Amino acid sequence: MKKIAIVGGGISGLYFANILNSEKNFEYKIFEKKDNYNFQEGYGIQLSVNSIKLLNNIGFKNLPASEVSFPSKVNFIQANNSKKICDIDLTQFNDPLNRYTTLKRSTLLEFLFKNVPENQIKFNSNITKIENVNNFRITLNENTYEEFDYLIIADGIFSKTKSLILNDITNPKYNFNIALRAKLIGDYGNDISIYMGSNSHYVIYPVNQNNEYNFVAIIKKKLSSDELRNHSLFKSDKFLGSLRSSLQNTSQISFQNLRELKSFPVYVSSNFANLNKKNIFLSGDALFTFPPSFAQGASQSIETANDILKSILNGSNEYYQKRIENISSINDKSKFNHFSFHLSNPISVFIRNNILKFLSKNKTFLENYLGKIYRT
Ligand SMILES: Cc1cc2nc3c(=O)[nH]c(=O)nc-3n(C[C@H](O)[C@H](O)[C@H](O)COP(=O)(O)OP(=O)(O)OC[C@H]3O[C@@H](n4cnc5c(N)ncnc54)[C@H](O)[C@@H]3O)c2cc1C
């Protein structure tokens, strides 16, 4: 029996635990920093068919239909005049069993967590040392230790475990944008709508069948290192209010209806950590953090975890290495999306809108740009 340590019980770590449940030659333990989960949190997440396929294999399709939404289109809208430019039909990437899905992040976490036996997750974990001689010795709080054959590092964007293991680590960098998240109550339809403004864009989509929507805006903003360290700044009403008023108003959404506003700086990875060990794998944001303009972070976290298990079972890193190549290409697309969503010069906006109108209906382009990612 081989033992696997999973550090971080987020989307990637929990999904990995779920697929290990059916592997009889492995046992695992999750080390999670938090003292528990908050399944009341209402922010949303989009999952494309590539990750939905993997989730459906572990029973995700049995979630009550009222807790998820299946958008059929992405609408592209110019924020300053609320005019719809075009849309992309998402159903062309679906198959009869797997559909593009939006839901609350907490619904996904709760689904993944409920299949993890209580004695296989250790909350309040504080790993202080990891030694790697023949296998891993993980020391918790300086006094107790446990040994494992494999180590899966899935502790998110600011992975502390990565720095315990590697001498050479590259921290994610602030990408000069702030994310503003909120809940929106009302009836805004069943689609995903992207409002493109000058130096900002915002996205709304339903998270269930109960008229609850996710609102997320990405707003360009230069901040000093002191401001970035000042966590209370991001919670202050004044700062949240200024972010909200920097967005171009639209006749379709009343910003006064936004609830539970939250802001945080957006950090992204610039390269992959140099990890050349057969029994250590990085997963999810700990492996690579994307700009949030392709909505692929969670889907790739799930796909990476799946490829890690295939690599372990296969005894080679082939699947994992292939995933890293895919992630690099998705990162390029995320950066390109971000650039085109934030254009401000009217001539550039005019050209972008016309190109977008053409490409959104061009099957060959859509297959290359989206299909290759969604159908892996
Ligand atoms: C504004 C925004 C919008 C997004 N929207 C989408 C979207 O629509 N669709 C999408 O696919 N992705 C989206 N993403 C990205 C997505 O949320 C992440 O890529 C995904 O959550 C990464 O999963 P993870 O398991 O790697 O990390 P996380 O889900 O962050 O989990 C990491 C876990 O590790 C724990 N942890 C941290 N440090 C330690 C430690 N030292 N020891 C033990 N445990 C630790 C944490 O408590 C947490 O539980 C968005 C991101 C942003 C910023």
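A residue is called buried here at under 20% relative accessible area, exposed at over 50%, and partly exposed in between (1.4 Å probe, protein chains only). Helices (H or I, at least four residues) and strands (E, at least two) are DSSP runs, numbered from the N terminus. With that in hand, look at helix 1, residues 11-20. This helix is mostly covered, with 10 of its 10 residues buried. Among them are Ile-11, Leu-14, Tyr-15, Phe-16 and Leu-20. Ser-12 and Asn-18 are buried in helix 1 too.

This is a predicted model: local features need pLDDT of at least 70, side-chain atom pairs count only at pLDDT 80 or more, and totals for chains, interfaces and linings use all residues. Residues are numbered from 1 along each chain as its sequence is written, and side-chain values use heavy atoms, with hydrogens and water left out.

Now step back to the overall layout. The protein is divided into domain 1 (2-68 + 106-171 + 273-346) and domain 2 (173-268). Their contact takes 24 residues from domain 1 and 29 residues from domain 2. Contact means heavy atoms within 4.5 Å. The domain bounds come from an automatic or database domain assignment. Between the C-alpha centres of domain 1 and domain 2 the distance is 26 Å.

Next come the strands. Two strands pair if DSSP finds at least two bridges between them. Three strands make an open sheet in the order 3-7-4, with antiparallel pairing. Strand 3 (44-47) and strand 4 (68-69) are the edges, and each pairs on one side only. Strand 3 meets strand 7 (residues 101-104) over four bridges, in the antiparallel sense. One place to look is Gly-44, whose bridge partner in strand 7 is Lys-104.

Strand 9 (residues 127-132) and strand 10 (residues 136-140) run antiparallel and are joined by five bridges. The link between strand 9 and strand 10 is a hairpin of three residues. Asn-132 stands opposite Phe-136 of strand 10.

Where does Tyr-205 sit? Its place is in strand 15, residues 200-206. Tyr-205 counts as buried because its relative accessible area is 2%. Leaving aside residues up to four places away in sequence, Tyr-205 touches Gly-44, Ile-45 and Gln-46, among others. Its contacts also include Thr-102, Arg-181, Asp-191 and Tyr-213. The C-alpha atoms of Tyr-205 and Val-74 are separated by 9.3 Å, though the two residues are 131 residues apart along the chain.

Charged pairs come next. Side chains of opposite charge can pair when their charged atoms come close. A salt bridge is a side-chain nitrogen of Lys or Arg within 4 Å of a carboxyl oxygen of Asp or Glu. The structure holds 11 salt bridges. One of them joins the side chains of Lys-3 and Glu-146, at 3.8 Å from N to O. Lys-3 lies in strand 1 (residues 2-7) and Glu-146 in strand 11 (residues 144-148), so this pair ties together parts that are 143 residues apart in sequence. Lys-3 is partly exposed, at 24% relative accessible area. Glu-146 is partly exposed as well, at 23%.

Lys-84 forms a salt bridge with Asp-87, and their closest N and O atoms are 2.9 Å apart. Lys-84 is partly exposed at 43%, whereas Asp-87 counts as buried at 15%.

Turn to helix 8, residues 297-314. Here Asp-307 and Lys-310 are three residues apart, so about one helical turn separates them. Their side chains meet in a salt bridge of 3.7 Å, N to O. Asp-307 is buried, with a relative accessible area of 7%. Lys-310 is partly exposed, at 35%. Asp-307 and Lys-310 also belong to a network of salt bridges that links them with Glu-303 and Arg-323.

Finish at helix 10, residues 346-359, which holds Phe-350. Is Phe-350 buried or exposed? Phe-350 is exposed because its relative accessible area is 56%. Together with Ile-347, Ile-351 and Ile-355, Phe-350 forms a nonpolar surface patch of about 430 Å² accessible area. Patches are made of residues with over 30% relative accessible area and no salt bridge; like charges are joined within 9 Å, and nonpolar side chains (Val, Leu, Ile, Met, Phe, Trp, Tyr) within 5 Å. Accessible areas come from the Shrake-Rupley method with a 1.4 Å probe, and for residues only the protein chains shown count as cover.
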